[in-house]
Amino acid sequence: MRSICLYFQVHQPFRLRTYRFFNIGDDHHYYDDYKNRQIIKRVAEKCYLPANKMLMELIREYGTAFKVSFSISGTALEQLQQYAPEVIRGFRQLADTGCVEFLAETYSHSLASLGNREEFEQQVKRHSEAIESFFGQKPVTFRNSELIYSDEIGEMVTGMGFNTLITEGAKHILGWKSPNYMYCSARNPKLKLFLRNFRLSDDIAFRFSTQSWPEWPLTAEKFTGWLNKIEAREEVVNVFIDYETIGERQWKETGIFDFFTALPKVVLSKSNFRFSTPSELVRTLQPVAQLHVGHPISWADEERDLTSWLGNELQDEAFSKLYALAERIRLVDDPALKRDWQYLQTTDHFYYMCTKWFSDGTVHKYFNPYPSPYEAFINYMNVISDFTIRIEEALTRKSTPGTKPRTKKAEGKEKTPKTLPKTPRVTTGKLMEEEHVKKLPDIRAAKAKAGKTVKASLKTTREKKPETPFKSLNFDDILTLSDSKIKKMIKNVEIETVTAAMKGADKELREKVEKNLGKRALKTYKELLVQIKIISKSEIAKSRKLIEKEIKNLSK
């Protein structure tokens with residue numbers, strides 16, 4: 001008898017709040033708690049709770065003839081435990097039936113397998129321990145984030161003690177071969193591979209409610225008919241989808257619950273397929289061939305590669321900056337920093353920066369909470385900037401016992417070095433090796449100096465008649481500068497500082513500055529103008545003071 005392996009992925013990231021340049025160094029809370037709570041509760045109500053109930057009823061009706069598998073990320077477990085503990089109880093009840101297998105993955109649903117091997121292994125270990133703690137099962141099957149797999153990743157997974165892995169049945173890897181068999185790794189034949197049948201999986205996940213699809217509506221009978229048309233010698237059909245497909249992405253009104261409720265009865269009565277889990281199949285099947293995967297594959301988009309997360313300069317830059325911190329974060333003992341390190345690695349942050357708006361554009365727009373990938377990048381890099389400052393401060397306190405955490409008063413007095421020690425270079429198949437010089441201490445020093453200048457000016461205004469807001473003679477002197485000097489001034493300050501300084505400035509002055517911005521700088525400038533719609537007068541004043549300093553230097 002042949003098998004159908006039904007696997008569900010459960011994942012929710014800790015979504016970031018709007019974190020502006022001016023929050024760097026002052027505000028260390030990065031997460032949109034309201035949105036995270038709201039989404040978890042909504043998805044629990046529409047998907048997790050009713051879907052768990054449906055699966056429980058199916059198991060009670062069909063017993064061991066109906067089996068499914070799950071992978072639940074650590075970030076999803078934490079949020080479910082905090083905001084919807086009844087969902088956790090539902091998964092425990094499913095685990096107790098013996099008909100559900102829970103798989104291992106990276107705790108943070110991260111790209112650690114591409115960025116840092118030690119971090120990857122630590123996350124997998126932590127996730128396995130969490131699954132065993134929550135559901136009483138020690139995972140024996142591995143599923144990497146986004147089904148990302150390569151020969152190199154397979155070696156790492158085997159080294160951690162796993163002998164079974166599920167991944168994507170990518171056409172460019174399989175060629176003429178079918179995904180409906182068990183394969184093994186070309187480098188280590190002990191590692192057995194189950195490949196996703198992307199056509200049947202995506203029929204449910206993405207096309208189920210599309211009325212323009214020629215096969216709409218999809219019923220259990222039609223789906224079983226497709227199974228029966230598969231060549232008799234093909235042994236296993238792997239249907240791997242996100243759990244949120246049921247009720248959240250495909251609403252109840254589409255008939256998705258009716259489809260899954262009817263599926264076991266129709267499959268078991270009208271086909272020679274049974275429902276199995278990966279750990280069962282690996283004991284009964286033999287690999288038909290070795291599979292060589294030289295470059296990483298995934299289950300995303302038409303390309304089935306890494307371009308959803310590492311497909312442009314924005315993503316590559318963010319990825320490199322993040323994993324350049326890997327060695328330094330291991331030296332830190334601060335639990336809050338360790339927690340943020342985990343949350344900031346989630347693949348979703350890089351997915352939001354994807355600029356693929358063609359064949360898979362609709363999918364990316366659906367999942368992206370940001371108006372554009374560029375805003376996602378700016379927001380994330382602002383967070384990384386603050387996170388890096390906190391790491392360096394923690395290491396300084398650790399190396400100098402008795403050193404107190406930085407206060408705003410001390411921050412203004414401290415002399416900050418221009419550069420930090422070099423950090424390890426991080427590369428993937430998509431990135432070139434390069435040194436990343438940290439500019440964050442300069443930002444911090446500039447903010448501290450600006451704050452000191454503002455305090456001094458405020459002290460002066462108590463004795464003299466206040467000036468008209470934003471009518472600083474020095475700032476307005478931009479109009480007297482030549483284009484070459486304005487370009488030099490822009491080059492010497494951060495684009496964020498220029499943007500903030502232009503808020504509320506005269507039209508003539510703004511136009512003079514904007515025409516001297518380079519193409520890339522102008523693009524960033526316009527994006528920042530949208531981002532910082534609400535900004536305090538004190539922040540504008542700080543930025544203008546920095547501009548004034550540059551004007552004075554250019555006038556010497």
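Buried here means under 20% relative accessible area, while exposed means over 50% and partly exposed is in between (1.4 Å probe, protein chains only). This is a predicted model, with local features needing pLDDT of at least 70 and side-chain atom pairs counted only at pLDDT 80 or more, whereas totals for chains, interfaces and linings use all residues. Residues are numbered from 1 along each chain as its sequence is written, and side-chain values use heavy atoms, with hydrogens and water left out.

- The protein chain has a mean pLDDT of 86, pLDDT being the predictor's confidence in each residue, from 0 to 100. Of its residues, 83% reach 70 or more.

**β1 and its partners**

- β1 spans residues 2-10, and nine of its nine residues are buried. Strands (E, at least two residues) and helices (H or I, at least four) are DSSP runs, numbered from the N terminus.
- β1 pairs in the parallel sense with β8 (residues 236-242) over seven bridges, and S3 stands opposite V236 there. For two strands to pair, DSSP has to find at least two bridges between them.
- With β11 (residues 273-275), β1 has a parallel pairing over three bridges, where I4 faces F275.
- β2 (residues 68-72) is another parallel partner of β1, over four bridges, and I72 in β2 is the bridge partner of V10.
- From β1 the chain crosses through helix α1 (residues 33-62) to β2, a right-handed β-α-β crossover. Right-handed means that, with the strands pointing away from the viewer, the path from the first strand over the helix to the second runs clockwise.

- Five strands make an open sheet of mixed pairing, in the order β4-β5-β7-β6-β12.
- β4 and β12 (290-291) sit at the edges with a single partner strand each, so one side of each has no neighbour in the sheet.
- Within the sheet, β5 (residues 164-168) and β7 (residues 192-196) pair in the parallel sense over five bridges, with L165 opposite L193.

**S145, tucked into a loop**

- S145 belongs to the loop between β4 (141-142) and α6 (151-159), and it counts as buried because its relative accessibility is 0%.
- A polar atom of the S145 side chain lies 2.8 Å from the backbone oxygen of S110.
- Leaving aside neighbours within four places in sequence, S145 is in contact with E105, T106, H109, S110 and T347.

**Cysteines and a glycine**

- The disulfide count is zero, taking a disulfide as a pair of cysteine sulfur atoms within 2.5 Å.
- C47 is buried at 0% relative accessibility, and C99 is buried at 3%.
- G98, in the loop between α3 (85-96) and β3 (100-102), is exposed at 58% relative accessibility.
- The C-alpha atoms of G98 and G63 are separated by 9.4 Å, with the two residues 35 apart along the chain.

Key:
Polar contact = N/O pair within 3.5 Å; in protein donor to acceptor, adjacent residues only side chain to side chain. Contact = heavy atoms within 4.5 Å.
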